[in-house]
Amino acid sequence: MKCPVCTMEELLSHADRWECATCGHEWPREAEAPAALLVKDAHGTVLNGGDTVTLIKDLKLRGSSQVLKQGTRVKNIRLVEGDHEIDCRIDGSSMGLKAEFVKKVTE
C-alpha cells in the first residue's frame, strides 16, 4: 500500500486509519473485503455465479407433488449463503438448491 499523497510506502498502521511516515497524511482504513463464497458441486468442482448446472437426482419440491427430474439443466445460477447455496429459476419459479445435488455443466 502507498500513501495517496506522496506515494511513499512507509506507513504507520493505526486501529482505524493509516498514516504516512514521510508526509504525515492520514486516511481511514478500508473495510476488509469479505471472503469469497466457495461452493462446490457434487463432484467437487467449484461453482461460480452465472454457471449452468444439471440435477444429478430427482428432487421432490417441498409442499408440492411436483418433482424436478434428474438431468434438468439450470442456467444462470446465483450463489448465496445459507442452507441452500444456489438460487435459481426453474420453469419460471424461483427456488433454492443444495450444491450437493447438482453438477457443473462444462460447455
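Reader: Over how many bridges do strand 11 and strand 12 pair in the antiparallel sense?

Author: This is a predicted model, in which local features need pLDDT of at least 70 and side-chain atom pairs count only at pLDDT 80 or more, while totals for chains, interfaces and linings use all residues. Strands (E, at least two residues) and helices (H or I, at least four) are DSSP runs, numbered from the N terminus. Two strands pair if DSSP finds at least two bridges between them. Strand 11 and strand 12 run antiparallel, and the number of bridges is five.

Reader: Which residue in the turn between strand 11 and strand 12 has a positive phi?

Author: The two strands form a hairpin with two residues between them. Most residues other than glycine have a negative phi.

Reader: Which residue in strand 11 stands opposite Leu 79?

Author: Strand 10 and strand 11 run antiparallel and are joined by two bridges. Opposite Leu 79 stands Ile 86.

Reader: Is Asn 76 buried or exposed?

Author: Asn 76 is found in the loop between strand 9 and strand 10. Its phi is positive, about 55 degrees, although Asn 76 is not a glycine. With a relative accessible area of 58%, Asn 76 is exposed.

Reader: Which residue in strand 9 stands opposite Thr 54?

Author: Strand 6 and strand 9 pair over two bridges in the antiparallel sense. The residue opposite Thr 54 is Arg 73.

Reader: What is the relative accessible area of Thr 52?

Author: Thr 52 lies in the loop between strand 5 (46-47) and strand 6 (53-55). Leaving aside its neighbours within four places in sequence, Thr 52 is in contact (heavy atoms within 4.5 Å) with residues including Val 74, Asn 76, Lys 103 and Val 105. Thr 52 is buried, and its relative accessible area is 14%.

Reader: Which residue in strand 3 is the bridge partner of Trp 18?

Author: Strand 1 (residues 11-13) is joined to strand 2 (residues 17-20) by three bridges and runs antiparallel to it, with Ser 13 and Trp 18 as bridge partners. Strand 2 also pairs with strand 3 (residues 26-28) in the antiparallel sense. These two strands form a hairpin with five residues between them, and Gly 24 in the turn has a positive phi of about 85 degrees. In strand 3, the partner of Trp 18 is Trp 27.

Reader: How many Å apart in space are Gly 44 and Cys 20, C-alpha to C-alpha?

Author: Gly 44 lies in the loop between strand 4 (39-40) and strand 5. Gly 44 is partly exposed, with a relative accessible area of 38%. Gly 44 and Cys 20 are 24 residues apart in sequence, and their C-alpha distance is 45 Å.

Reader: What is the radius of gyration of the protein?

Author: The protein has zero helices and 13 strands. The globule rule (2.2 Å times the number of residues to the power 0.38) is compared with a radius taken over C-alpha atoms. The rule gives 13 Å for 107 residues, and the protein is well over this, so it is more spread out than a compact globule; its radius of gyration is 23 Å.

Key. Residues numbered from 1 in each chain as written. Heavy atoms only, no water. Buried < 20%, exposed > 50% of the residue type's maximum accessible area, 1.4 Å probe, protein only.
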